Amino acid sequence: MAYIDIKHLGITFGGLKAVDDFNLEIKKGELYGLIGPNGAGKTTVFNMLTGVYKPNTGSIVLDGRDITGMKTIDINKAGVARTFQNIRLFKELTVLENVEVALHNKYKYSTFSGIFRLPSFYKVEKQMKERSEELLKVFGLEDAKDFKASNLPYGQQRKLEIARALATDPKLLLLDEPAAGMNPNETAELMETISLIREKFGVTILLIEHDMKLVAGICEAVTVLNFGRVLAQGETAKVLKDPEVVKAYIGD
Amino acid sequence: MAEKKAVGNKAADNKKAAVKAPAKGGIFSSRNFKGDIITIAVLVIAYFIISNLKLSSLMTGLLVPVCVYIIMAMSLNLTVGILGELSLGHAGFMCVGAFTGVIFSRLIQSAAMPELLKFILSILVATVVGAVFGIIIGIPVLRLNGDYLAIVTLAFGEIIKALLNNLYVGKTADGSIEMNMSGFKNVTDSAGKFVSGPLGLTKIPKYATFEIAVVMVVLVYIICSHFIHSRDGRAVMAIRDNRIAAESVGINITKYKMIAFVLSSAMAGAAGCLYAHNYATLQAVKFDYNKSILILVFVVLGGIGNIKGSIVSAIILTLLPELLRGIGNYRMLIYSILLIVIMLINWSPKSRVVVQRLGAKIKGIFVKEKAAV
């Protein structure tokens with residue numbers, strides 16, 4: 001059985017079938033791409049995977065555990081983390097604090113010991129800080145750790161979002177258009193970062209992307225969505241040459 | 001595409017800003033710790049100066065209320081600034097705390113205990129009752145997103161005021177408690193009347209002193225500051241900044257909203273108890289909508305999310321109307337103009353830049369001095 005096994009996933013909004021009969025199997029440690037024209041339903045799939053929307057049909061199984069229709073926070077605890085198409089950082093918090101917030105469920109102490117600064121507070125806070133700094137180092141953000149998140153340049157904000165998602169120690173990382181709004185240099189750098197985190201954290205990655213260079217460059221397999229349905233699926237190079245796919249993207 | 005471009009431009013602007021305005025202290029950076037120590041030291045020094053000054057009776061009468069308003073402003077700042085929800089009925093929690101605190105202290109008035117202990121106990125009772133009302137309001141409302149908390153707290157403040165304005169609580173001669181909404185039947189002795197409807201609380205023991213009030217201010221400040229710079233506080237601020245993202249990293253939204261709101265209402269209850277024990281009588285109508293708004297004004301002008309700012313603005317804005325009494329009818333005119341000026345200084349982006357520069361300059365002077373030493 002595949003590590004991530006999505007079967008017959010579907011959702012309708014009113015009368016509109018946004019996603020219909022979506023099947024996807026991802027192997028452990030794979031870097032999988034989800035592509036398709038605008039409005040194809042890619043982000044809707046992400047939202048179902050993370051519990052923002054409850055699917056009407058189908059099932060999602062992560063590492064042998066059925067996570068269909070669970071709440072967002074429980075799905076996160078089960079091992080799914082994501083980034084967002086439009087960056088959603090905790091703007092008023094520092095870069096370090098952004099990552100520390102994501103360590104919330106891994107390092108714990110009670111509200112009481114937080115307010116009265118019991119020894120457990122100092123111990124756990126120290127661990128949290130060290131772990132956050134470690135993560136920030138991977139993304140080259142350690143020098144910016146005391147900046148407000150909203151003061152970071154765009155490319156670094158994207159990286160911080162990935163760092164934050166990784167801090168929850170996920171099995172599956174969902175990246176929603178990580179290269180959106182980036183220039184070619186930043187995109188190249190991002191590709192390196194993504195490959196690096198896959199090696200370093202052993203995480204399985206599913207990403208949505210419009211930048212074909214990035215998809216062709218790093219994804220081992222892709223699924224093409226069009227009008228909520230799977231158009232093509234399989235090895236990246238083959239799928240991208242598929243005349244149906246070319247037609248969906250460029251037109252006749 | 002245009003949207004993306006705009007984001008890009010904004011990012012470029014932010015890059016510039018990042019160079020100029022870095023480092024809003026991390027948790028362990030000595031900055032938060034230093035700031036706390038400095039604030040507490042300033043409060044303590046202010047206390048010693050004030051307690052050694054010869055003040056007019058008017059000013060002496062204001063000492064405890066000023067402390068109460070500082071606590072109220074700090075606690076409301078937890079809801080408005082840290083949690084990012086609007087509460088328009090904070091005086092309601094204060095009112096609940098005042099009434100339960102006084103009823104409790106009247107009940108144990110004859111007990112053989114030092115006055116201070118009696119007062120501490122009644123403050124604790126008021127704190128708990130404030131928290132309970134916070135939970136009652138929070139459970140249904142904090143599950144929703146939007147401005148519902150503002151609407152419900154507004155109603156809560158008015159309902160509490162109306163209810164307590166008709167409440168009669170007293171102790172009969174044989175020691176049983178009478179409590180109703182229609183007037184005393186069995187309580188005849190005026191000493192046994194704790195709450196007498198529209199007359200409100202009567203014969204309140206005057207436990208509140210400036211010393212106790214200052215200790216409470218320091219305590220509440222420490223609690224607020226420690227809460228904000230802890231795992232829970234970060235979770236609450238994360239919810240404020242981006243609810244969806246907070247949920248996606250596994251934060252229980254309702255739980256942390258509740259913790260912040262209940263903490264805030266508990267401290268308001270304690271402040272109410274302190275406030276009531278500074279007067280001989282107190283009516284429920286004192287805790288009206290205007291009082292809630294007044295506290296909100298302190299928070300907004302002190303800086304939303306800025307606990308130290310709340311302290312400063314509560315002090316200035318409580319004392320100002322009294323200091324301006326000399327100019328008679330023009331008092332409120334000047335007060336409102338000052339409010340507008342402070343608001344402009346606080347919130348207009350241009351003046352913020354100026355303030356930041358001034359701050360950096362002042363800091364520069366201190367750093368140089370240190371280097372010279």
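Q: Which strands does helix H1 of chain A lie across, and at what angle to S2(A)?

A: Helices (H or I, at least four residues) and strands (E, at least two) are DSSP runs, numbered from the N terminus. Here, helix H1 (residues 42-49) of chain A lies across S1, S2 and strand S4 (57-62) of chain A, at about 70° to S2(A). Axes are lines fitted to C-alpha atoms, for helices over the stretch in contact, with angles from 0 to 180 degrees between N-to-C directions; contact means that C-beta atoms, placed from the backbone, lie within 7 Å. By the way, this is a predicted model: local features need pLDDT of at least 70, side-chain atom pairs count only at pLDDT 80 or more, and totals for chains, interfaces and linings use all residues. Residues are numbered from 1 along each chain as its sequence is written, while chains are lettered from A and ligands numbered from 1 in the order written.

Q: What is the strand order in the open sheet of chain A?

A: Strands of a sheet pair through backbone hydrogen bonds, either parallel or antiparallel. DSSP has to find at least two bridges between two strands to call them paired. In this sheet of four strands the order is S2-S1-S4-S5, with antiparallel pairing. Strands S2 (16-26) and S5 (65-66) are the edges, each pairing on one side only.

Q: How many bridges join S1 to S2 in chain A?

A: Seven bridges link strand S1 (residues 4-13) to S2(A), and the two run antiparallel. To spot the pairing, find A:Leu9, which stands opposite A:Phe22 in S2(A).

Q: How far apart are the centres of domain 1 and domain 2 of chain A?

A: Domain bounds come from an automatic or database domain assignment. For chain A it gives domain 1 (4-79 + 170-250) and domain 2 (89-152). Their centres, taken over C-alpha atoms, are 29 Å apart.

Technical notes: Two residues are in contact if their C-beta atoms, placed from the backbone, lie within 7 Å.
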